[in-house]
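Me: I'm new to this structure and I'd like a close look at a single part of it. Could you walk me through it slowly?

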Amino acid sequence: MLLQLNNIFKWVKTGGQQTFLLKDINFNVEEGEFISIMGPSGSGKTTLLNVIGMLDGFNEGEYNFMDESVHDLKEKHRADLYKRYIGFVFQSYHLLDELTVQENLEMPLLYKKLKGSERKAMVADMLDRFNIVGKKDLFPTQLSGGQQQLVGIARALISNPKLILADEPTGNLNSSQGEEIMGIFKELNEEGVTIIQVTHSEKNAEYGTRTINLLDGRMV
Amino acid sequence: MFKNYLKIAWRNLQKNKLFTAINIISLSIGLSASFVIGMMIYHDMTFDRFHKDGDRIFRVTTSFSFGSGGQFYNSGVTAPLGETLKDGIQEIGTTAAFFTIYPVKVTSEQVNQAFRNPQGVMLSNGDYFDMFSYNWLAGNKKSALKEPNAVVLSEKRAGKYFPGLLPEEVVGMTTIYNDSIVVTVLGVVENFKERSDLFFEEFISLETANAFGMQDQVFSTNWGGTNSNSQLFVKVNDLEMTASVQQQLDALALEHEDEESKQDGDITSFHLQPLNDIHFSPTYAAYDYSQPQASKSTLKGLFFIALFLLLLGCVNFINLNTAQGFKRSKEVGVRKTLGGSKSQIRYQFLTETFLLTIASALVSILLSMWLLQLFSDFVPASLTANVFTEPMVIAGILALLITVTFIAGFYPAMILSKFKPASAIRNQLAVSNGRIPLRKYLTVFQFAIAQIFVIATLLVGKQINFMMSQDMGIKTDAVVYVDMPWHEKSIEKKERFLNAVKSLPQIQTASIGGRPPASFGYNSAGISYFNDQEEVKLDLQQLFGDTQYADVYGIELLAGRSRLNDTIKEFVINEKAMKLLGFTKPEDALNVQLKISDEVFPVVGVMKDFHQRSLKSGIEPMALVGDGYRNIGFSQFNSVHFSLSGGSETWENTLVSVEKEFENAFPDAEFKLNFMDDMVSRFYLQERKTAKLLKWAMGLSLLISCLGLFGLVIYTTEKRTKEIGIRKILGASLSQLNFLLCKEFLILIGIGFLIAAPVAWYGLDNWLQDFANKTTLSWWIFGISGIAMIALALVIMSAKTIAAANSNPVESLRTE
């Protein structure tokens with residue numbers, strides 16, 4: 001089992017009132033699954049994804065990731081954990097505008113303190129795999145949306161994660177670009193990478209093996 | 001990794017050109033001020049630090065406090081003290097007594113030219129070279145100065161007198177002092193390579209004193225006279241013994257005090273002045289009179305100006321970077337999700353700061369060159385850009401850059417690296433947690449400093465104006481004096497020159513006398529007077545002049561008459577002296593007999609008070625006297641004073657004629673016209689320098705603060721674009737919006753003023769205490785500077801806020 005969420009609650013206090021963002025979330029994810037999280041706006045999809053990605057905490061419950069109890073870990077250990085095993089893909093790509101494609105890909109490796117030669121090899125590999133060698137010296141603003149997302153996925157994959165978390169990866173793309181990206185996810189999944197995506201679209205959800213529906217922070 | 005940081009930093013700096021420019025300008029102003037002022041401090045602090053056992057070497061100096069009031073300091077000692085200390089005090093290991101002398105000219109047998117007024121000449125028996133180690137290039141240290149008519153030259157002086165000769169070749173050559181004293185060069189020493197106040201170049205054997213007419217002083221056994229040319233250094237065996245040495249010096253001083261002085265309550269005492277204090281001492285002069293004495297308080301003032309300018313620059317950096325944080329929150333968020341740790345992100349921002357600091361440092365090296373000229377009044381002549389190459393200085397600059405990086409960069413780096421990735425990535429930063437952001441405190445700090453400089457500049461300017469516009473009580477326009485050579489003994493020659501001047505056209509009156517009525521000079525005598533009940537003792541200043549002297553300077557006689565002739569021993573005293581003697585009406589003071597030692601001087605007239613020095617000091621008791629000691633060889637008449645008629649543009653011919661007459665009378669001497677109005681304005685040189693410095697400090701601190709303000713206004717208006725749009729749709733007017741945007745900063749500037757005003761008041765009140773005649777600390781100075789600051793801030797802010805308030809709300813709302 002890759003990860004396990006037990007009775008996860010998350011709330012915020014606004015004006016003395018408790019508002020629940022997540023309410024009693026329970027599910028397991030096995031390695032190799034492709035899960036889609038669906039639900040209307042404000043249902044807690046992104047919050048759930050952030051909790052799984054350890055970018056955000058929760059108030060109650062247990063979260064085990066690869067036999068580690070995330071809820072007991074200190075922030076530094078949590079960071080080490082997601083640094084090693086999780087890659088993120090965002091709706092608005094979140095590439096660093098000041099860096100070229102190549103440098104964006106290199107960034108996670110720098111934070112892992114890999115050697116220069118190793119980094120170069122891995123970046124070249126990834127450029128090759130996604131067919132963007134010709135774009136390596138361009139800046140993100142010089143690319144189309146679809147291409148930017150491609151770089152985003154490549155960057156998420158470069159450190160060989162076990163799990164990819166994608167927050168509406170096709171939300172800013174037109175339908176043909178969207179299909180291409182989803183195709184890539186499908187391929188990756190077939191190669192063994194676990195994927196959890198948040199999506200609004202039924203069509204995209206169909207790429208997955210399982211769908212979790214949320215409403216007002218609750219699984220339905 | 002580091003390379004990557006640099007790359008990002010570089011691209012980020014390029015992207016925000018305006019903010020980068022603001023940061024670099026503010027930091028480089030602070031840095032260049034620090035460089036220049038740091039160099040000056042380093043330069044002055046490294047004088048005479050290289051001598052072997054330098055911490056145990058002291059100069060013995062003398063201070064006098066008189067029973068009649070007044071304290072005098074002399075950098076020399078009475079001549080017999082040196083001999084007494086040599087064997088007399090156990091704790092003293094080495095003594096070196098020497099006499100500085102001022103030959104009129106030197107000729108060498110090789111160069112057919114006279115060198116006038118050589119500086120750095122001493123008479124020494126060679127002990128000096130035991131105290132301070134010189135590198136001997138030729139000659140023998142042991143024997144060189146034991147015989148009469150011998151001299152040791154420094155390498156530089158040898159090169160001047162005997163160009164082209166090697167040191168060994170110079171030995172044996174002869175030089176002639178004052179046309180008649182022939183001495184043989186017996187040694188050449190290398191000049192000190194390090195900075196030193198011991199600027200001596202020519203060491204003549206003590207046995208030659210006779211030839212210079214100095215035998216009476218040099219070999220005197222009389223403890224009564226002290227001349228600053230008689231210098232004495234001692235080296236104590238152990239630093240802990242200085243207290244004991246001082247005690248024995250005190251005992252010696254008491255033992256040799258003469259009975260009369262004791263009765264009058266006069267006290268002479270000797271002091272041990274540490275070697276490296278010579279460079280700074282405000283009381284005991286150093287040797288090279290052409291260099292102004294370094295002042296620790298000036299250096300302190302400069303240090304604080306540099307510090308403040310640097311801090312203001314750092315404040316801009318901190319403010320702009322934390323304010324801009326929201327723009328970079330996405331980047332921080334992404335980096336964190338990609339595995340960047342807090343410390344890695346902090347490190348990245350610090351690298352960015354460091355890069356900016358380096359860029360500023362490069363700019364400031366250029367600025368330093370300019371600043372060096374700007375501060376030329378304060379920069380010692382011996383300080384050149386070479387100091388930049390000394391390893392200590394380079395290390396200091398690096399340390400400064402790293403410190404600045406931390407001061408400026410640490411706080412923003414800490415704040416930015418703390419962003420939570422999940423919210424940072426969506427630009428949802430935690431809204432303020434109720435605390436006032438540091439930014440506001442720093443802005444208040446900036447404007448308080450700038451405000452203090454503004455108030456200080458205005459007030460110092462007001463004080464200078466006040467002093468310049470005050471009536472001195474004497475005529476200072478169109479009055480000129482010319483000094484005649486001090487060694488000229490013939491009064492006939494001097495009077496011949498006076499008469500020649502008198503006969504020139506446009507000369508209204510001319511007079512021969514001592515120094516002018518207002519000057520830097522000082523000459524006084526202790527007098528005593530028995531009124532009905534008691535003896536009044538007074539330190540009376542003496543002004544020497546002939547019977548025309550008062551006319552030239554328009555000094556008004558209140559009662560009595562002027563003196564009968566130029567040499568009669570009569571006094572014309574001023575009102576102040578009259579009052580101190582106990583009289584209220586000038587007429588009553590006439591014919592009173594005043595005693596100097598055993599001589600009696602009648603008061604024949606009372607003159608109106610006038611300012612004898614700058615208006616910094618008060619009016620002191622004074623008497624106008626004649627040349628009473630001329631017949632025993634102490635003539636005081638060394639200057640010719642004259643007043644001119646017509647406008648200054650018509651004087652040229654007359655002044656040229658004066659110069660011609662001077663050259664006829666004294667062909668060897670240097671001619672210099674001294675205009676009294678120049679003299680008066682030189683009284684305020686120090687204040688003018690202060691004013692100039694303050695003006696620059698004010699300008700630069702205002703520039704930095706306003707740049708910072710501009711940056712912050714840009715940031716806040718950008719952040720509030722949406723709010724502006726909504727308010728505009730709801731009907732807010734342009735001026736309402738403008739006020740809304742400026743209000744926050746105006747409050748901060750107001751608080752800055754409230755802090756600055758009392759601080760400035762306190763500091764300036766203190767400064768004014770040094771002046772006997774002072775302007776008032778008017779409230780309007782504070783009012784004007786406060787209003788000016790707010791007006792300036794409004795102009796700067798409006799440049800951005802009006803544009804923002806004018807923008808189309810549809811545009812601004814659509815971008816959201």
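Me: Not counting residues up to four places away in sequence, which residues does Ala456(B) touch?

Reply: Before the answer, keep in mind that this is a predicted model. Setting aside residues up to four places away in sequence, Ala456(B) touches Leu694(B), Ala760(B) and Leu764(B).

Now let's see what Ala456(B) belongs to. The largest nonpolar core has 81 residues, and Ala456(B) is listed among those with the most contacts inside it, along with Leu309(B), Phe453(B) and Ile455(B). Quite a list of helices from chain B gives two or more residues to this core, including helix H2 (17-45), helix H10 (296-323), helix H15 (438-469), helix H22 (685-719) and helix H24 (734-768). Where does that put the core? It lies between domain 1 (1-47 + 295-431) and domain 3 (455-468 + 683-816) of chain B, because both domains give residues to it.

Apart from that core lies another one, of 71 residues, and its members include Ile25(A), Met126(A), Ala154(A) and Ile345(B).

If you like to compare with database records, UniProt has an unreviewed entry that lists residues 303-421 and 698-809 of chain B as "domain: ABC3 transporter permease C-terminal". In the model, residues 303-421 of chain B are 80% helix and 0% strand, with the end C-alpha atoms 43 Å apart. For residues 698-809 of chain B, the figures are 85% helix and 0% strand, and the end C-alpha atoms lie 40 Å apart.

And how does chain A meet chain B? Here 15 residues of chain A are in contact with 18 residues of chain B. On the chain A side, helix H2 (75-85) and H3 each supply at least two of the touching residues, and H3(A) gives the most, with four. Sorted by kind, the residues on that side come out as nine nonpolar, two polar and four charged.

Asn104(A) sits in helix H3 (residues 101-111) of chain A. Asn104(A) counts as buried because 27 other C-beta atoms lie within 10 Å, and the cut-off for that label is 20 or more. Leaving aside neighbours within four places in sequence, Asn104(A) is in contact with Leu95(A), Leu96(A), Leu99(A), Val151(A) and Arg155(A). One more distance for Asn104(A): its C-alpha atom is separated by 12 Å from that of Gln149(A), which is 45 residues apart from it along the chain.

Notes: Residues are numbered from 1 along each chain as its sequence is written. Chains are lettered from A and ligands numbered from 1 in the order in which they are written. This is a predicted model: local features need pLDDT of at least 70, side-chain atom pairs count only at pLDDT 80 or more; totals for chains, interfaces and linings use all residues. A residue is buried if 20 or more other C-beta atoms lie within 10 Å of its own, exposed if 12 or fewer, and partly exposed in between; C-beta atoms are placed from the backbone. Two residues are in contact if their C-beta atoms, placed from the backbone, lie within 7 Å. A nonpolar core is a set of buried Ala, Val, Leu, Ile, Met, Phe, Trp, Tyr and Cys residues joined through C-beta atoms within 7 Å. Domain bounds come from an automatic or database domain assignment. UniProt positions are given in the numbering used here, feature names are shortened, and annotations may be inferred rather than shown by experiment. Ala, Val, Leu, Ile, Met, Phe, Trp, Tyr, Cys and Pro count as nonpolar, Asp, Glu, Lys and Arg as charged, and the others, Gly among them, as polar.
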